[in-house]
Amino acid sequence: MKTGAVIVAAGMSTRMHDFKQLMKIDGMALAERVAVNFQRAGIKDIVMVTGYRAEQVEKELSHLGITFLWNRDYETTQMFDSAKMGLAALKDRCDSILFCPADVPFFSDNTAEALLAAKGKLVFPVSNGRNGHPIRIDTDLIPRILEYQGDRGLKGALDSLDTKPVSLYVEDEGSVTDADTKEDYHHLEKIHNTRQANTHFAPASRSTPPYSK
């Protein structure tokens, strides 16, 4: 089964008061981390939908070898419109798609791999009682998602499907932590630093699970 990935990175980051897609933690931009997480999970067909400052994003992330699509109407459309662009691009060449916004960069490698192995056409990671990202969507659901005309975005489109979502329970705070504000960004720094410390000081006799750098 071939799995692709869609990353939405088109927004203007108005609440962050900075361009969060390219804000860095430990030398790596947030949008870059999402793509690298997918690549570590073995996903090669990755589409990133850009919008605001698209040329800068594509230039700085060109080394990733992923596909970029530009939502030229990013100022007047919602995240769902960018999501549909990415889903439409992959629907005929993949069996399933992992979807994630660029501001959820610290889901773990284990979570991505568990999503790939999980059964179900629509799978959400759940941590601390909250649905998170990435979301795994089988591509036979994509046509109905693209046809959705409601006003509740991707959530509304997924809720409208006649497919019961599968909850994949994970211990992964990063999967439910996004970066909308500077406070969120600093919280992501803490998640990263904690993972670094736990890995560095893990006893040699124990096998430490991989994590997203």
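Analyst: Let's zoom in on S13, and start with the ground rules. This is a predicted model, where local features need pLDDT of at least 70, side-chain atom pairs count only at pLDDT 80 or more, and totals for chains, interfaces and linings use all residues. Residues are numbered from 1 along each chain as its sequence is written, and side-chain values use heavy atoms, with hydrogens and water left out.

S13 sits in the loop that links β1 (3-9) to β2 (24-25). S13 has a relative accessible area of 9%, so it counts as buried. The cut-offs are under 20% for buried, over 50% for exposed and partly exposed in between, with a 1.4 Å probe and protein chains only.

What does S13 touch? Skipping neighbours within four places in sequence, its contacts are D18, F19, K20 and Q21, a contact being heavy atoms within 4.5 Å. With K20 there is also a polar contact: a polar atom of the S13 side chain lies 3.3 Å from the backbone nitrogen of K20. That term takes a pair of N or O atoms within 3.5 Å; within protein, one must be able to donate a hydrogen and the other to accept it, and residues adjacent in sequence count only if both atoms are side-chain atoms.

Another loop residue, T163, lies between α6 (153-159) and β10 (166-169). T163 is buried as well, at 16% relative accessible area. Leaving out residues up to four places away in sequence, T163 touches K121, L122 and L141.

Just after α1, G42 takes a positive phi of about 95°.

Zooming out, the protein chain has 7 helices and 10 strands. Of its 213 residues, 52% count as buried. Of the contacts with a separation of 6 or more, 67% come from residues 24 or more positions apart. The C-alpha trace spans about 50 × 40 × 30 Å along its principal axes.

Technical notes: Helix = DSSP H or I, 4+ residues; strand = E, 2+ residues; numbered from the N terminus.
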